[in-house]
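Hi everyone, thanks for making time this morning. I'd like to walk you through one model, so please have a look at it first.

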Amino acid sequence: MGKKETKDKKPAQFKKIYELLSKYTQVIIVGLANVGSKQVQDIRRILAKKNALLVIGKNTLFKKVLATRVQELPDTHEYYDELKKFGNAIKELDSLKNQVAGKVGFIFTDTPVFDLKPIIEENKVETPARVGAVAPIDVVIPPGPTGMDPASIQFFHALQIPTKIEKGQIQITKDFVVLKTGQKVGQSQAVLLQKLGKKPFLYGMEVLSCYDNGSILNKQQVSVNLNDIVTKFQQNVQNISAISLQNGWINEASAPYVLANAFKDLAAIGLQSGFIFDQIKQSNAPVAAAPVAAKVEQKPAAQQAPAKVEEPEEDVDMGGLFD
């Protein structure tokens with residue numbers, strides 16, 4: 001009965017995936033390793049509020065839909081009447097086929113992956129270390145009481161864990177490394193962590209890559225913080241501007257500064273000479289009145305002693321241009 005129900009669902013699933021591949025130009029690929037069904041449902045509800053749809057199905061079916069969508073739909077196709085409305089082939093989707101591998105899910109959305117990634121990955125659940133699992137992190141037991149009675153001391157000795165008996169219970173005396181990153185969990189390690197009540201691993205969905213209108217962004221690229229990119233870009237533009245100004249190079253980065261400095265020089269000359277052009281008025285720079293020539297009292301030639309007349313200094317308001 002179960003197999004028949006699954007078989008009956010395949011046509012609907014095929015058509016739905018075909019429709020989604022036609023509607024969205026962005027597909028986020030997420031890893032589902034060690035993710036439970038309750039986690040999946042919780043994340044699906046959260047994503048729905050962000051206009052994102054999580055699809056999890058068999059990779060073989062997804063690949064089959066992809067292979068159909070990258071080609072023109074023949075009129076002999078079994079679902080031609082229902083799928084022809086979605087238009088011509090989308091050949092760019094061919095780059096997505098290599099991302100369909102392992103235990104993965106697909107999020108269809110127009111919301112940028114950089115905005116959704118923190119939301120997708122923040123939902124993590126503490127999980128016990130199960131035999132055969134690969135440790136994603138180092139697992140270290142710190143010194144301190146274990147809460148176990150002395151009858152279990154031989155178990156700790158067998159694992160060469162430094163201990164002592166204090167206040168009627170076993171106490172670990174120094175850090176003990178149970179697992180290293182990438183190491184498989186063995187029977188004794190799983191039992192030890194279980195006895196100590198430890199759930200050392202945090203599991204949740206992980207963004208592996210993102211298909212974006214024909215391009216594939218890898219794990220490192222989708223982890224980039226856009227604000228950091230903008231800040232670094234602005235810093236680099238400033239560096240280019242400084243180097244260009246120092247060497248007299250005119251380019252897109254230095255040109256605004258060259259023009260601004262030239263305007264300051266012209267404005268200064270205009271203010272000093274009393275020649276006020278429109279751009280100075282538009283810049284709201286205070287305009288100084290033209291200097292008035294100093295009057296020299298005329299005396300008769302016989303009474304006037306020959307002397308050199310000093311020209312008065314002009315008192316020019318620079319308009320704050322060089323403050």
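Predicted model: local features only at pLDDT ≥ 70, side-chain atom pairs only at ≥ 80, totals over all residues.

Residues are numbered from 1 along each chain as its sequence is written, and side-chain values use heavy atoms, with hydrogens and water left out.

Let's start inside. The largest nonpolar core has 25 residues. By such a core I mean a set of buried Ala, Val, Leu, Ile, Met, Phe, Trp, Tyr and Cys residues joined through side-chain atoms within 4.5 Å; buried is under 20% relative accessible area, exposed is over 50%, and partly exposed is in between, using a 1.4 Å probe and protein chains only. Leu 21, Phe 62, Leu 93, Leu 96, Phe 106 and Phe 108 have the most contacts inside this core. At least two residues each come from α1 (2-23), β1 (26-31), α3 (59-69) and β3 (104-109), and α1 gives the most, with five. Helices (H or I, at least four residues) and strands (E, at least two) are DSSP runs numbered from the N terminus.

Take Leu 93. Beyond its neighbours within four places in sequence, Leu 93 is in contact (heavy atoms within 4.5 Å) with Leu 21, Leu 66, Arg 69, Val 70 and Tyr 211. Apart from this core lies another, of 21 residues, including Ile 141 and Met 148.

Now, what is the volume of the largest pocket? It is about 320 Å³. A pocket here is an open set of points on a 1 Å grid over the protein atoms alone, where a 1.4 Å probe fits, with protein on both sides within 12 Å along at least five of seven lines; lining residues have an atom within 4 Å of a point. The volume is the space filled by probe spheres set on the points, which are joined across faces, edges and corners. The lining has 17 residues, with Lys 124, Leu 202, Tyr 203, Gly 204 and Glu 206 nearest the centre. β10 (201-203) and β11 (206-212) each give two or more, and β10 gives the most, three.

Finally, the backbone. Most residues other than glycine have a negative phi. Asn 51, between α2 (37-48) and β2 (52-55), has a positive phi near 60 degrees. Lys 167 has a positive phi of about 55 degrees, in the loop between β7 (163-166) and β8 (169-172). Asn 51 counts as exposed because its relative accessibility is 60%; Lys 167 is exposed at 80%.
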